[in-house]
Amino acid sequence: MMELNGIMTALVTPLNPDGTVNEQALIELIDYQIAHKVHSLLLLGGTGEYTSLTLEERHRAVDISVKAVNGRVPLLVGVLETGIGECVKFCQYCKAAGADALLVLTPFYFVGTQDALVEFYTTLDKTVDMPILVYNIPYRTNVNVLPDTMVRLTKTMKNLVGIKECASMSQAMELLNKVGSQINVLTGDEFSAVSLMTMGVKGAIMATANVVPDAWVEMYTMVKDGNIQGAMDMSMRYFSLFKALFSENYVSPLKYAMNKVGVPCGEPLLLPLIAPKPETIAWVDQELSKLGLIS
């Protein structure tokens, strides 16, 4: 099974003023993240504005990123589709382009039963035939892949390598108990990531690693080295910054913060996202300053 330990940055998608992918900024962002020792990268998840990009621009982002990463770290591509048809097509494109694995969101709009979810992922597994992770984020989709359903998927999917769990801390703990020895259980929640890593979650897929990759890599390393209190203390120091970044749709404050600290990410956002409010900007600036990230 593919091992996905450590910190995976859920990359933003740098954009040009016309809404197309900013190739140079994306390459620079990938190089920046790898230079700062993150363990893997996720392209085109929710943080990457998947649902707002055109299909052509998603294809460009995949092609640019595969070439830029060049095998230095695992590159996963997020797939956020409402149904099986476009999901299969985009997954097949990513496979042909050279992505290492796919993070596939639960189908949304039509709320499928647990049986339907098993059938969806099993069909995708057979059709695409490459490493797949389930993306479970019920507070955005109103769809929750239950731990017992993941147990079923470990038996029906040949290529299942993990799950990005964003439901709750208790559900992540149940997943660890039931499938943690068989697949990579990863968390997508900044606020419980360190606690869950101490319990056995193999890693964290973090949007805020766009801004502070060093901090996340250090927290993960502390946990692995047994310095649990140090990791907890560091998590508490960054708590207020993470609260500020997630206070308003999160992608726009995140891109603002990246530009503020000098991390390449381009300027615009795609609708329905808009620039952060002045009070959000002030809060982000305050927290960046407290941490010494800006003067």
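Okay, some housekeeping. Since the model is predicted, local features need pLDDT of at least 70 and side-chain atom pairs count only at pLDDT 80 or more, while totals for chains, interfaces and linings use all residues. Residues are numbered from 1 along each chain as its sequence is written, and side-chain values use heavy atoms, with hydrogens and water left out.

By buried I mean under 20% relative accessible area; exposed is over 50%, and partly exposed is in between, with a 1.4 Å probe and protein chains only.

Next, helix H7, which is residues 169-179. Helices here are DSSP runs of H or I with at least four residues, strands are E runs of at least two, and both are numbered from the N terminus. Which residues of H7 are buried? They are Gln-171, Ala-172, Leu-175, Leu-176 and Val-179. These cover an arc of only 150° around the axis, which puts them on the same side of H7; that arc is taken from the directions from the helix axis to the C-beta atoms. On the other side of H7, Ser-170 and Asn-177 are exposed.

So what do the buried residues of H7 pack against? Strands S5 (132-136), S6 (160-165) and S7 (184-187), plus helices H6 (147-156) and H8 (193-199). Contact, by the way, means heavy atoms within 4.5 Å.

While we're on H7, have a look at Glu-174 and Lys-178. Their side chains meet in a salt bridge, 2.9 Å from N to O. A salt bridge here is a side-chain nitrogen of Lys or Arg within 4 Å of a carboxyl oxygen of Asp or Glu. Both residues lie in H7, four residues apart, about one turn of the helix. As a reminder, an α-helix has 3.6 residues a turn, so residues three or four places apart point the same way. Glu-174 is partly exposed at 33% relative accessibility, and Lys-178 is partly exposed at 35%.

By that rule, the count comes to 13 salt bridges. One of them joins Lys-255 to Glu-49, with the closest N and O atoms 3.0 Å apart. Lys-255 is in helix H11 (residues 251-261) and Glu-49 is in the loop between strand S2 (40-43) and helix H2 (55-69), so this pair ties together parts 206 residues apart in sequence. Are these two buried or exposed? Lys-255 counts as buried at 2% relative accessibility, and so does Glu-49 at 3%.

Another salt bridge is Asp-115 with Arg-152, at 2.9 Å from N to O. Asp-115 is in helix H4 (residues 114-128) and Arg-152 is in H6, so to speak a link between distant parts of the chain, 37 residues apart.

Last one: Glu-23, Glu-57 and Arg-60 are linked in a network of salt bridges. Glu-23 is in helix H1 (residues 23-35), and at 39% relative accessibility it counts as partly exposed. Leaving out residues up to four places away in sequence, Glu-23 touches Arg-60 and Ile-64.
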